[in-house]
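Visitor: Hello! Could you walk me through the aromatic rings here?
Guide: Gladly, have a look at the structure and then ask away.

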Amino acid sequence: MTVATVAAADLGAASGRVMLARVGPDRLDLTEVHRFANEPVQLGPTLHWDVLALYRGVLAGLREAGRAARAAGGPECGLDGIGIDSWAVDYGLLDATGALIGNPVCYRDRRTEGVPERVHDQLGAERLYELTGVQQLPFNTIYQVAAAQGTPAAAAAHRLLLIPDLLAYWLTGQQGAELTNASTTGLLDAGTGTWSAELATAVGLAPGALPPLWRPGDRIGTLTPDAAARTGLDVTVPVLAVGSHDTASAVVGVPAQGERFAYISCGTWSLVGLELDAPVRTAASHRAGFTNEAGVDGTVRYLRNVMGLWLLQECLRGWQEQGEPADLAELLAAAEREPGFVSLVDPDDAAFLPPGDMPGRIAAFCRRTGQPVPASRPALVRCILESLALAHARAVEQAQELAGRPVEVVHVVGGGARNELLCRLTADACGLPVVAGPVEATALGNALVQARALGAVHGALTGLRALLRAHTAPRVYLPERSGWDAARKRLGGVPSLR
């Protein structure tokens with residue numbers, strides 16, 4: 001196969017899309033063919049994902065991808081491959097017949113409040129980190145499962161499938177768990193790369209509830225007759241495992257040269273870190289809140305989760321619901337004219353995690369810390385972006401120190417790469433060049449892994465990234481460090497390593 005025609009289904013916490021890619025040794029084309037909303041639904045006290053709507057969106061996108069591929073002279077079967085990636089930690093439960101038991105619960109639901117402490121009392125937080133290497137965030141799968149103990153759904157559960165694996169199951173009839181996403185759950189042994197029976201038992205999972213593991217590039221299966229009929233594709237079309245945690249695919253899509261780079265996969269969350277050969281599971285890494293997640297080709301994504309553009313997105317959503325929508329481009333232009341470092345917040349403060357009145361929460365944080373409350377929407381946006389840039393810098397600096405890996409450049413990929421003000425502030429805060437783009441790094445990484453599995457391209461990550469560099473044009477921001485050291489001290493950040 002000289003050129004692979006593949007569909008990359010990329011599901012984010014706010015929207016999903018299906019991208020059509022043509023990939024070969026000298027070709028890398030990517031086109032969005034379908035986009036759909038992904039909005040959690042509050043039902044009583046519980047915040048759910050509408051996973052059936054997500055599946056409907058994926059089917060519609062695959063149908064459009066097949067039509068577009070055939071119109072462009074692609075394969076008669078419609079596509080050479082399909083890959084699915086999504087956000088991490090959330091899951092669906094299947095009963096013994098393979099039927100879904102209710103809609104998956106959203107990680108922003110409050111059901112895990114107090115649960116991590118209970119699990120740590122039982123297993124020991126330090127030992128848990130030594131075993132899994134995972135940042136102990138309150139919404140990790142292990143805590144969600146523990147929170148569900150004793151419920152009728154948990155009692156009836158026969159199998160747990162993470163979100164991209166659940167959708168792959170509906171497309172192919174095959175049940176499994178892709179490794180890069182499985183590594184985020186807090187249930188995988190980072191040393192062996194296999195499920196930990198001890199941890200599964202401790203949180204009440206029945207034997208066999210955790211499915212067999214797939215690795216990026218594995219062939220999951222071909223389309224069921226029903227999925228083929230609903231997409232207009234042939235039953236021979238394979239669904240391929242990719243880096244199904246969207247950050248794993250995004251890191252593949254970082255157009256880096258060499259190893260001395262940090263990455264920020266920036267969207268609703270900012271995933272800030274390094275690509276390593278081995279995990280860092282020291283006590284200092286645990287205290288700093290870093291995670292070790294599996295990457296493509298046996299790499300380790302050593303990173304810290306930062307709340308990201310969620311704060312800005314929630315402000316925009318709230319204003320829209322109040323009937324007072326804001327134009328983002330105008331807001332960013334006005335924010336750039338605002339004076340710097342007037343008010344700063346910690347994006348990772350627990351108050352900012354749930355959906356709700358984000359401007360009010362930011363104002364409350366400022367009052368609590370003795371800072372001026374942002375007096376206008378542009379001032380609020382300036383506060384959010386400067387605070388996020390500081391959090392980026394803090395994570396980059398800590399990652400270098402903890403891993404013993406110096407960094408010469410920071411790559412920002414994902415939707416945040418479009419935000420010129422955030423990229424410039426991040427360069428200033430880090431004191432390093434920021435290379436922004438590609439925006440579609442996740443879909444590109446998804447497609448590249450599929451194309452390699454199909455034999456259209458060859459080689460290690462270095463070769464895939466060389467192809468990226470040949471077909472993308474990132475923007476470079478150089479640092480101007482004025483005022484950032486003092487701002488860092490205000491938020492208690494670590495000192496600069498440079």
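Guide: One definition to begin with: a residue is buried when its relative accessible area is under 20%, exposed when over 50%, and partly exposed in between. Keep in mind that this is a predicted model.

Visitor: Is Trp170 buried or exposed?
Guide: Its relative accessible area is 19%. The cut-off for buried is under 20%, so Trp170 counts as buried.

Visitor: What kind of pair do Tyr55 and Trp170 form?
Guide: A search of the whole structure finds nine aromatic pairs. In one of them, the ring centres of Tyr55 and Trp170 are 5.2 Å apart and the planes meet at 65°. Planes over 60 degrees apart count as edge-to-face, so this pair is edge-to-face.

Visitor: How many residues apart are Tyr55 and Trp170?
Guide: Tyr55 belongs to helix α1 (residues 51-71), while Trp170 belongs to helix α6 (residues 163-172).

Visitor: Which ring does the charged end of Arg108 sit over?
Guide: The charged end of Arg108 is 3.5 Å from the centre of this ring. A charge counts as sitting over a ring if it is within 6 Å of the centre and within 35 degrees of the ring normal. The ring belongs to Trp310.

Notes:
Residues numbered from 1 in each chain as written. Predicted model: local features only at pLDDT ≥ 70, side-chain atom pairs only at ≥ 80, totals over all residues. Heavy atoms only, no water. Phe/Tyr/Trp six-rings, centres within 6.5 Å; stacked < 30°, edge-to-face > 60°. Helix = DSSP H or I, 4+ residues; strand = E, 2+ residues; numbered from the N terminus. Buried < 20%, exposed > 50% of the residue type's maximum accessible area, 1.4 Å probe, protein only.
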